[in-house]
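Please work through the following exercises with the sequence and the coordinates at hand. Each task is followed by a solution in steps.

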Amino acid sequence: MSILANKDTRAVIIGGLAGLNAARRMAQFDFLINRPLTVQAFVYPPEGGQQKEIYRGGELNNVTVYSSLEQALEENPQINTALIYIGASRAYQSAKEALDAKGIKLVTMITEGVPEKDAKRLRKHALECGKIFNGPSSIGIMSAGECRLGVIGGEFKNLKLCNLYRPGSFGVITKSGGLSNEAMWLCAQNGNGITSAVAIGGDSYPGTDFVTYLNMFENDPDTKAVVIIGEVGGTLEEEAAEWLGKEIRRIKVIASIGGTCQDVLPQGMKFGHAGAKEGKKGLGSARSKISALRAAGAVVPDTFGGLSKAIRQVYEELLKSGAIRPEAELDEKLLPALPPSVQEVMKQGDIIVEPLIRTTISDDRGEEPRYVGYAASELCEKGYGIEDVISLLWNKKLPTREEAEIIKRIIMISADHGPAVSGAFGSIIAACAGIDLPQAVSAGMTMIGPRFGGAVTNAGKYFKYGVKEYPNDIPGFLNWMKENVGPVPGIGHRVKSVKNPDKRVKYLVDYVTNQTTLHTPCLDYALQVEKITTAKKDNLILNVDGTIGCILVDLDFPEYSFNGFFVLARTIGMIGHWIDQNNQNSRLIRLYDYLINYAVKEEREVPEKK
Amino acid sequence: MAKILEGPAMKLFNKWGIPVPNYVVIMDPDRLAQLGEANKWLRESKLVVKAHEAIGGRFKLGLVKLGLNLDEAYLAAKEMIGREIGTSVVHQVIVAEMLDHDEEYYVSIAGTRDGSELLLSSKGGVDIEDNWDTVKRLFIPLDENPSIETITEAALEAGFVGEIAERVAKIASRLILCFDDEDAQSIEINPLVIRKSDMRFAALDAVMNVDWDARFRHADWDFKPVSEIGRSYTEAEQQIMDIDARIKGSVKLVEVPGGEIALLTAGGGASVFYSDAVVARGGSIANYAEYSGDPPDWAVEALTETICRLPHIKHIIVGGAIANFTDVKATFSGIINGFRESKSKGFLENVQIWVRRGGPNENQGLAAMKKLQEEGFDIHVYDRSMPMTDIVDLALNS
């Protein structure tokens, strides 16, 4: 048997993330004792309509989040208990609504910092409805072998250590949440465990009190003794003493009261819990509570550490008197183990999981990202630049200073080419249409292809092929290209020519060949090709794509990375155009009629539909 | 519980029509001269000047000066502002009209579980403790307002007569409204004075506590509660409070000068029992501390370093119950970092550390703590099988 929570308890949790965490802990207990899921619904308006994933052991349940309690109860009429996990400013309203709901008999609130007046009103309201309002600031309620409400009992391992999978003979009532768990452990270690444990919360005016639950335990034949953990402040412990002394009680009471140190602490000092404060003239002092309880016949050790002995003593007496019959201990090995996550099993080496993807360039599992093993901050600190990062992430090695400088200059030279080219123009049109940065830049990005900027990779690829297969036979190479590929990528320009050379090409070729020691077989080869093609036609010059492609071959970058240089460089420009248009507050644009040749059919009548 | 200073309390009294003397709160004595030009009462009444700070025993410390004219009040204010009392500094003074009066009464109200209790006595003033048996109590059920007749009846029973009883009842009824609407926990007016010549009442002195948890519904609460420990907070306490305000979970610290046993304990309930155990075994605590609600490790680390710096400590008790959801491994890693840092700065010389804890990831947390032995720490680590506060016994017997 138990009090408050049992096998028939079905709960709704009102609140967000903290409530979800509690539901997951509760489901672990449900799994341990093989009972159906305790939490049947959530109420949290911001997430109404969503479902939350709750594992009961290995079984995945989807629990619905409702926008209102009314709706949750309508669809889950079996719910009889509400757990309040919502913030202090809304806790009163939520709890009152729950108390007013017909099917709900018990409302327990973990919310801390609830105004005293709200707690007092809820207590009064619950009394008027004949229901129980437990809390605020309650860690929850545990009935061994039957039901867990809240995170009381802690982690899964502890549930076993405290024998919470099966009932014992001790009741527990505490103000403190942490000590409810400690008390359950003490009852398991020094006795046979608990029937139920309730945390009433450490506020000044909790919704219930020790006497409420002492009465329930007194009426629960399986409970033989109750451990009370109280503290300075209020008169709930005195009332418990009065209850105990009033008539002969079936249950034994063991108690520990915190706050005797108050005599030596700064006057008026506040302890951990809101309710832990001494009144005038020593009213509610720990010492007066201890005396009252002792006088009424409770066992009260002089420190908390003494509880172990006290519980053991009472347990042995109960065994001796026959009130408790010793039962064979369950073999804990028979209890289910919480199914581990794949990650946990992998750590133990008991499972092999085939990875979904593989990476060879970067790793952010540590404190900071590492590029091919090098910490990003260390690269910064040692004076490396973005060109080195490009080389690391695209080519997996640190470039020489010369190589890095070439990479940098390629990016700088290619960063933008004015608003008229396809990429920039695409971004500008999008910017003028009010499109946001990433989408506007990708509008420009979609232009990069065979006719615009996308020839770098192919240029590099074929010149490299030429160097390898037709080293001293440029006509042979051109012939092969003509037969197998078509126009040579990287050769030719719409407006530039021998007489009107591309300044960027000139500059790059001059820089790489004359100012660096880079060995440039591919670039040299392309320049030889250019000599022949320009002899045929003036504008068949080595263009910027071709130049960059060849240099990248000579830098030993992987072939398929070449277009990346143009994409990366031009992104800088496109972002610039987007910002520029936004700075100017540009308006939506459309083409003027005179820029379009309307080569269309004349106006005519639509034939009747047949 | 949040005690508020007289200034804000008087402002709330004004709001609810409870008579208060004229008053001003100033930070700069020169402001008083200007206020004197604007306010007749400052020029013509006898004045009282009081330090407007949370300092106990102000009268004995010379922080209350009575019966002054404006010039004398200026000098008194000048003398008080900037004075250092222990760790506190007087920043503000309240200058109030010292009402000539005929009688002193006592009116107070305090919350109870089922509502509140109004206390009335016609024999108020400094001797109220001696006249406690004259106090008439009136229980006010939650969310009910007693009729003026009921209060008047109570006033009559408390020894008030005739019109005075009616007027006191009226003031008490407003006090009940103020108490209820301002989420107060207690208000004590002592004395409530009367000048019979013009039947003028005034709450000359008042102590008010409000429920700080209810501040979300009081937009006009422009004050902060005063220190709850009968003195100003120390710098270390203030730092820990600042951290506490920023984090999930909480960290708390109160220093107790002269103690030898430092507490680095977890949980609002358990931490108190650890303090009790030290006192019960004849030890002296150097502080009260608590961390709970799974605070981040850096916050626990800051608390640890603060505690390691406490002077003259011989033991540190790293105690706690079996946590429900505070991660032992994570919070212990904060404590371990704090210990290491403190040791490298020369603290923890001849200090013994005693650990007992359980909860999520307890094995890893305790093992990590135990490893500190290899680094030369005098540390003793126990798991859940050690009764919670028995490490205090071990420490004091060592």
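This is a predicted model: local features need pLDDT of at least 70, side-chain atom pairs count only at pLDDT 80 or more; totals for chains, interfaces and linings use all residues.

**Exercise 1.** Determine how helix H13 (residues 386–395) of chain A and helix H14 (residues 401–414) of chain A pack, and which residues meet.

*Solution.* 
Step 1. Two packed helices are described by the angle between their axes and the distance between the axes. For H13(A) and H14(A) the angle is about 100 degrees, and the axes lie 8 Å apart.
Step 2. Angles of 65 to 115 degrees count as roughly perpendicular. H13(A) is therefore roughly perpendicular to H14(A).
Step 3. From H13(A), the residues Glu387(A), Asp388(A), Ile390(A) and Ser391(A) meet Ala404(A), Ile407(A) and Lys408(A) of H14(A). Sorted by class, this contact of H13(A) with H14(A) comprises 3 nonpolar, 1 polar and 3 charged residues.

**Exercise 2.** Carry out the analysis of buried residues for helix H11 (residues 362–370) of chain B.

*Solution.* 
Step 1. Glu362(B), Gly365(B), Leu366(B) and Met369(B) are buried in H11(B).
Step 2. These residues cover an arc of only 90 degrees around the axis, and therefore they are on the same side of H11(B).
Step 3. The partners of the buried residues of H11(B) are helix H10 (328–344), strand S18 (352–358) and strand S19 (379–382) of chain B.

**Exercise 3.** Describe the side-chain directions and the pairing of strand S8 (residues 140–143) of chain A.

*Solution.* 
Step 1. In a regular strand the side chains alternate between the two faces of the sheet. In S8(A), Gly140(A) and Met142(A) point one way, Ile141(A) and Ser143(A) point the other way, and all are buried.
Step 2. S8(A) and strand S9 (residues 147–150) of chain A run antiparallel and are joined by 4 bridges; Ser143(A) is opposite Cys147(A) in S9(A).
Step 3. The hairpin of S8(A) and S9(A) has 3 residues between the strands, and Gly145(A) in this hairpin has a positive phi near 75 degrees.
Step 4. S8(A) is also joined to strand S11 (residues 194–199) of chain A, by 3 bridges in an antiparallel arrangement, with Met142(A) opposite Ala197(A) in S11(A).

**Exercise 4.** Characterise the side of chain B that touches chain A.

*Solution.* 
Step 1. The contact involves 47 residues of chain B and 51 residues of chain A.
Step 2. Helix H8 (270–280), strand S16 (287–292), strand S17 (315–322) and helix H12 (390–397) of chain B each supply at least two residues of this side. H8(B) gives the most, with 10 residues.
Step 3. By class, the side of chain B that touches chain A holds 24 nonpolar, 11 polar and 12 charged residues.

Note on methods. Residues are numbered from 1 along each chain as its sequence is written. Chains are lettered from A and ligands numbered from 1 in the order in which they are written. Axes are lines fitted to C-alpha atoms, for helices over the stretch in contact, and angles run from 0 to 180 degrees between N-to-C directions. Angles under 35 degrees count as roughly parallel, over 145 as roughly antiparallel, 65 to 115 as roughly perpendicular and the rest as oblique. Two residues are in contact if their C-beta atoms, placed from the backbone, lie within 7 Å. Ala, Val, Leu, Ile, Met, Phe, Trp, Tyr, Cys and Pro count as nonpolar, Asp, Glu, Lys and Arg as charged, and the others, Gly among them, as polar. A residue is buried if 20 or more other C-beta atoms lie within 10 Å of its own, exposed if 12 or fewer, and partly exposed in between; C-beta atoms are placed from the backbone. Two strands pair if DSSP finds at least two bridges between them. The arc is that of the directions from the helix axis to the C-beta atoms.
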